[in-house]
Amino acid sequence: FIRLASDPCVYKKQVGDKILIVGVYVDDCIALTNCKALSNAFFAAADGTFGIKNEGELSWVLGLKIERNDDRIAVSQAAYIEQLLTRHNMDQCRPASVPLPSGMIITNDPDGKAADPEEYRSMIGGMMYLMTNTRPDLAYPLSTLALYMNSPKDSHMTALNHLFRYVKGTSHHSLIFSNDGNALGLTCYVDASFASCRDTRRSVSGYLYFLNGNLISWASKRQTLVALSTAESEY
């Protein structure tokens, strides 16, 4: 096997046009292959060394539900969302249709009443796992609210509770991967605000990367420098 330079937990073995890719996370392992014999040989060797259990076709891993339908794969985290809402007593909340209310301005709120920092950080951390795996729509609001983990105020907790309400109403959303022969290649969409952070006057950048029409990478981040124009923030 060759370990990928892009991810130290992913390994690849290739024999001609036959390929086996193995992803390892602590004591969980996922194997992807176009050759059943290569896969069987790997599992036999791993079982002889470590004593593993082959669960068969992938349907559930690390809180992610994998559903196959013809040439389409859907990845969702509905069960994880349910656990997250229950853990923070939000399982009976009223669903919201948008991540943050329209017109909501989030600042450091120096005169605001302090919120429970441990609860706030726990909620952010739980939501971060969701955003990283399957929910690019949470990247902007979560990255914004995460800026105030050191000293959260009630206004920040109110916004975070609203984000939880949005997640409750969209728990069925999935990240879809399909074989679209009309969308070959790598495509990137990027945008930026201008001086949208009220505390620092910094801008916020966001991007989406699609490979063959499938979303594979996303991020939202406050820029490190203060842009002096919209053109500069975009650049």
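User: How many disulfides does a search of the whole structure find?

Analyst: The search finds zero disulfides, a disulfide being a pair of cysteine sulfur atoms within 2.5 Å. This is a predicted model, in which local features need pLDDT of at least 70, side-chain atom pairs count only at pLDDT 80 or more, and totals for chains, interfaces and linings use all residues. Residues are numbered from 1 along each chain as its sequence is written, and side-chain values use heavy atoms, with hydrogens and water left out.

User: Is Cys 35 buried or exposed?

Analyst: Cys 35 is buried, at 11% relative accessibility. Buried means under 20% relative accessible area, exposed over 50%, and partly exposed in between, with a 1.4 Å probe and protein chains only.

User: And Cys 197, buried or exposed?

Analyst: Cys 197 is also buried, its relative accessible area being 7%.

User: Moving on, how many helices and strands are there?

Analyst: The protein has six helices and eleven strands. These are DSSP runs numbered from the N terminus: H or I of at least four residues for helices, E of at least two for strands.

User: What does the C-alpha trace span?

Analyst: Along its principal axes, the trace spans about 65 × 45 × 30 Å. Of the 235 residues in the protein, 30% are buried.

User: Which percentage of contacts join residues at least 24 apart?

Analyst: Among contacts (heavy atoms within 4.5 Å) between residues at least 6 apart in sequence, the figure is 55%.
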